[in-house]
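Subject: Structure handover

Hello,

Here is the structure we talked about, with its sequence. My notes on what was found in it follow below.

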Amino acid sequence: MEFKDDIGKPWRFEEEGLTVTRSCVWSPPGCHPVGCGVKFYADEEGKLVKVEGDENQPVTKGRLCVRCLTLKDYVNHQDRIKYPMKRDPKFRGQADKWERISWDEAFDLIESEWKRITGKYGPTSVAVWAGTGREGGTFMPYAAAVFATPNYCYTQSGYACYLPRMAASAYVLGAVYPEIDFAGGLEGTYDNPEFKVPEVIMLVGKDPLPSNPDGFFGHSVIDLMKRGAKLITVDPRSNWVSTRAEYNLRLRPGTDTALLMAMLNVIINENLYDHDWVDKWTYGFDQLAERVQAMTPAIAAEICDVPEEDIIGAARMYANAKPASIAWGLATDQKANGQQMAHCVMALMAITGNIDVPGGNIIGGFADSLNEPGFGFKIMSDETKDALIGLHEYPAYCGMLLNAHADLMLKALETEEPYPIKMGLFAGNNLIACTSAEPRRWHDAMIKSLEFNIGLDVWMTPSVQATCDLMLPLTTVAERDGVVFTHYSSLPVTYGIMTPAIKRVGETKSDMELGWELGHRLQPDFWNEQFTDFTNFIEKFRLQGNISLKEAREKVCVQRGCTYRKYEKGLLRGDGAVGFNTPTGRVELWSTMFQRFGDDPLPYFEEPQYSPVSTPEMLEEYPFVLTSGSRRYEFFHSEGRQIPYLREIHPEPTFDINPVDAEALGIVQNDMCVLKNQFGFCELRANVSAIVKPGVTHADHGWWYPEEDPNEPHLYGVFRSNINNLVPNFHFGKMGFGAPFKCLLCSVTKGSLADMMSEEELIAGGYDRPAVSNWKEGRNA
């Protein structure tokens, strides 16, 4: 039977003996929620045999990355966890101690342990740790409601991913995260008469092609380049798009704020700003103008190691373009000065009149900006809500998303202050391999503190193997339904519908099924509706009530439309007044909220805490500026290491080193090297390339080795090549944000850990000699 949408495109049909289902991808495989269109081909037994891009998806238009193209290998992989499993806590870290159980047994165990632990320690003793993939952070409020705890937590120090940008946007604009307008929500996309191709796109700390971040389809940059858009790139590394840019500003890691302040200096002093827009819609322009006088292009050039004339030229090019847009990425979040960098980005958008205009940076309306975090709090007492870890110390961080502070969560695990954490849930978070700084500390703290821990995932990960007592298997995107609401529902882009296309593997369940079933058991008075009612509630929220789930499924992908200049129409404020949803009703170049939270209301540059400038005494021992975390086409964070085709493309973790530095150290392509600083060490293979400047090195992140020994202390080799060993688990930002993931110092030495490290150093790093010997023998073999 063929099912068709309203314009005649079938969403499920037969082709050459296979059932083809058009769907949209969220996770897994891990990906930010772009909603790429796919066609799943299933045989008569309901097994996935092929994946192709859906040419009818209006944004992605049939284009897929290698992660989606290898979904067949992912879904059908022999190492997938297919059934619930339990293990006695005294056998944590031992792979052969898992035993298969039924779902009823699993739910009974969770219920009994939750009642025991909360009865002894209180409801705050439970924590939910979520990652980016699966349902992503959007699942956390539901998991928190299941356990009636305020402590759901993203475990990256200073929440160095997305939230700093989002918080700065909320406090400066009163809206969530302005994104480049790539016409995704408009019928006909780039050809829609409402849309204007931006004359200039500035990419700040963002490599859009491999990352496709936060609902933004990265390939649209190429589409817009073909239609005439020119590029400015700001990044310590060169990449494919930067080689096509008019200005490629390869700055020293961690100095972005200085460069952007200098651009503001040029635009203001040369009278290139939009006077009318500034007068009508901004607050504090005169103070901003005075502040940036101290950051001249000459001063910024010296700080950033970028030619002065390039800073001036890029500022003029951006200011003179009508319209222009800025795509800003994760690099904003991973430094102590990130809030101020975000403030500068939005100031550039504002003073040039590029906010919420066609081809500029669009923002969500008031209703679109409402999110789900408050859901779980409806079930808690005021006393329990008030006990959220970090709420009183860092209200700008914890109060915005009702999310426990990551650094203080680690402290609670280690010290039981302000209270003990005794039960946990990993919701798609491989934190030891990926999100946590100083991962050995997290590992040891969880082993010490947690009496019961649950893993939800598709795979056995190092984090689950080390710390969990119960493992619950998740479906993949080909086996579940739901809504991909791009950019966390904050922007008018698309709704993509996930539709089950194959027979489920084993006894897997989706995150939301688990949320409902556990909630039904643990909180029956609150979770008293049927599962279909629960999912309809969630999907209605994600569809903003604009269309039913049934109608959306028939369309596969729904473009939401786009209303520009919402600030002129009363669509950004709850009271319906014109302007922005800030205390002043304007874009706050002088931020009243920053001042309220104890920070400077104006942007300022702060030198990275560990750098050639701030810690010159360290350069003899650690002469390289270290950055990390850029995305790869093959993997999403720590995911995908099991897939043969992906590992064939990128078999081992690498770091980039300039040919000048490599020659001086006697390093050639693919040499094993040890990167080390005062916080830790790891080993990676050298990629000798001018992609980085002399004196700078960039490292892969998220590495572990699923093919290696799963048992403690080896744990799939998770600590061996983990660049987060070199990142401190503490933040520097005054509002609770800002960990230096992208601006540290390190040394580079040719050789391997097994060859170079003493017994004492290995023990200090958490390794034992047999484990390291096994690494060496495995490489030699």
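Two strands count as paired here if DSSP finds at least two bridges between them. Please keep in mind that this is a predicted model.

Barrel

On that criterion, six strands close into a barrel, in the order β24-β28-β25-β27-β26-β29, and their pairing is mixed. Ignoring direction, neighbouring strands in this sheet are turned by 45° against each other on average. One of the pairs is β24 (residues 624-628) with β28 (residues 696-699), which run in the parallel sense and share four bridges. Within β24 and β28, Leu 626 stands opposite Thr 697.

Val 128 stands opposite Leu 425 of β17.

Salt bridges

The structure holds 41 salt bridges. One of them joins Arg 100 to Glu 507, with 3.3 Å between the closest N and O atoms. This pair links distant parts of the chain: Arg 100 lies in strand β7 (residues 99-100), while Glu 507 sits in the loop between β21 (494-498) and α20 (511-522), and the two are 407 residues apart.

Helix pair

The axes of α8 (residues 256-269) and α13 (residues 338-351) come within 9 Å of each other and cross at roughly 25°. Angles under 35 degrees count as roughly parallel, and α8 and α13 are therefore roughly parallel to each other. Their crossing is left-handed.

Which residues of α8 and α13 meet? From α8 they are Asp 256, Thr 257, Leu 260, Met 261, Met 263, Leu 264, Ile 267 and Ile 268. From α13 they are Gln 340, Met 341, Cys 344, Val 345, Ala 347, Leu 348 and Ile 351. Sorted by class, this contact between α8 and α13 has twelve nonpolar, two polar and one charged residues.

Regards

Terms used: Residues numbered from 1 in each chain as written. Predicted model: local features only at pLDDT ≥ 70, side-chain atom pairs only at ≥ 80, totals over all residues. Heavy atoms only, no water. Axes fitted to C-alpha atoms, helices over the stretch in contact; angles between N-to-C directions. Parallel < 35°, antiparallel > 145°, perpendicular 65-115°, else oblique. Left-handed = near helix turned anticlockwise from the far one by under 90°. Contact = heavy atoms within 4.5 Å. Nonpolar A, V, L, I, M, F, W, Y, C, P; charged D, E, K, R; others polar. Salt bridge = Lys/Arg side-chain N within 4 Å of Asp/Glu carboxyl O.
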